[in-house]
Amino acid sequence: MSARKTITWVTMLALYSSISLAVEKGIDGKLTSLKPFDLQVVQQGEKVYQANCASCHGKYLEGAPNWRQRDENGYLPAPPHDKTGHTWHHADDLLFEITKYGPPAVIGDPQYKTLMPAYQYQLTDDEIIAVLSFIKNTWPEEERNWQDQMNHPDQGTFGHEGSGHKKSTLMEKLFGN
Ligand code: HEC
């Protein structure tokens, strides 16, 4: 394995473990849920998406080309939000916090290099919930059901300290592609 690959791998593992700690109530101590079946919310979310997110994440949620590869300055291109990405691997609350506070705050590393803005001063909480509900509404049933399991850490699935088999499924989904 090349040194560069090893570094990417280690960073991903570090990201993975800090994100898994951030599940449950996350950094703001509040559990936020999305509303993918509230069509009014979803419609509002689509507008928020096209106005604020589509420029990077793609009009059709398809993401930027080569989104898994950092550029020469160390930045990742915007990942897709459709089923080919990994947005659906994260619980509602984590998606909300990534969007509101930005990845560096969520992973607890202010030095983390990212192009993903923090939206806390640009969008209201309701607009953030709406845009993510729109994204969630577009996922096929299988991905949406799988993502829903992230929202119930108390049911022995991912997010619960020490939970077993779902965690390995997540590892496979995150890294096994
Ligand atoms: C300037 C480009 C840009 C804009 C605009 C942008 N993003 Fe991002 N976004 C990114 C990048 C780049 C990442 C990858 C994060 C990283 O650098 O590690 C990302 C990551 C994310 C993630 C985490 C996805 C995952 O799989 O972990 C979510 C959720 C997200 N963005 C939501 C949004 C939403 C919602 C909007 C609009 C309100 C938005 N983004 C606008 C660039 C952008």
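Colleague: What should be kept in mind about the numbering and the model?

Modeller: Residues are numbered from 1 along each chain as its sequence is written. The model is predicted, and local features need pLDDT of at least 70, side-chain atom pairs count only at pLDDT 80 or more, while totals for chains, interfaces and linings use all residues.

Colleague: How do you know how many helices and strands the protein chain has?

Modeller: Helices are DSSP runs of H or I with at least four residues and strands are runs of E with at least two, numbered from the N terminus. By that rule the protein chain has eight helices and zero strands, and the order from the N terminus is α-α-α-α-α-α-α-α.

Colleague: Why is lysine 25 called exposed?

Modeller: A residue is buried if 20 or more other C-beta atoms, placed from the backbone, lie within 10 Å of its own, exposed if 12 or fewer, and partly exposed in between. Lysine 25 has 12 C-beta neighbours inside 10 Å and therefore counts as exposed. Lysine 25 lies in the loop between helix 1 (3–22) and helix 2, and its C-alpha atom is separated by 7.1 Å from that of aspartate 93, 68 residues apart along the chain.

Colleague: Why does tyrosine 112 count as partly exposed?

Modeller: Tyrosine 112 has 17 C-beta neighbours inside 10 Å, so it counts as partly exposed. Its place is in the loop between helix 5 and helix 6. Two residues are in contact if their C-beta atoms, placed from the backbone, lie within 7 Å, and tyrosine 112 is in contact with Pro103, Pro104 and Ile107, leaving aside neighbours within four places in sequence.

Colleague: What makes helix 4 mostly covered?

Modeller: Nine of the 10 residues of helix 4 are buried, among them Asp92, Leu95, Phe96 and Lys100. Across the protein chain, buried residues make up 29% of the 177 residues. Just after helix 4, glycine 102 takes a positive phi of about 90°.

Colleague: Which residues touch the most other members of the largest nonpolar core?

Modeller: A nonpolar core is a set of buried Ala, Val, Leu, Ile, Met, Phe, Trp, Tyr and Cys residues joined through C-beta atoms within 7 Å. In the largest one, which has 23 residues, Ile128, Ile129, Ala130, Val131, Leu132 and Phe134 touch the most other members. Helix 6 gives the most to this core, with seven residues.

Colleague: Why is helix 2 called roughly perpendicular to helix 6?

Modeller: Axes are lines fitted to C-alpha atoms, for helices over the stretch in contact, and angles run from 0 to 180 degrees between N-to-C directions. Angles under 35 degrees count as roughly parallel, over 145 as roughly antiparallel, 65 to 115 as roughly perpendicular and the rest as oblique. Helix 2 and helix 6 pack at an angle of about 100°, with their axes 7 Å apart, and therefore helix 2 is roughly perpendicular to helix 6.

Colleague: Which residues around the ligand come nearest?

Modeller: A residue is near a molecule or strand if its C-beta atom, placed from the backbone, lies within 6 Å of it. Of the 23 residues around the ligand, Cys53, Cys56, Ala78, Thr114 and Met116 come nearest. Helix 3 (54–57), helix 4 (92–101) and helix 6 (125–138) each supply at least two residues of this shell.
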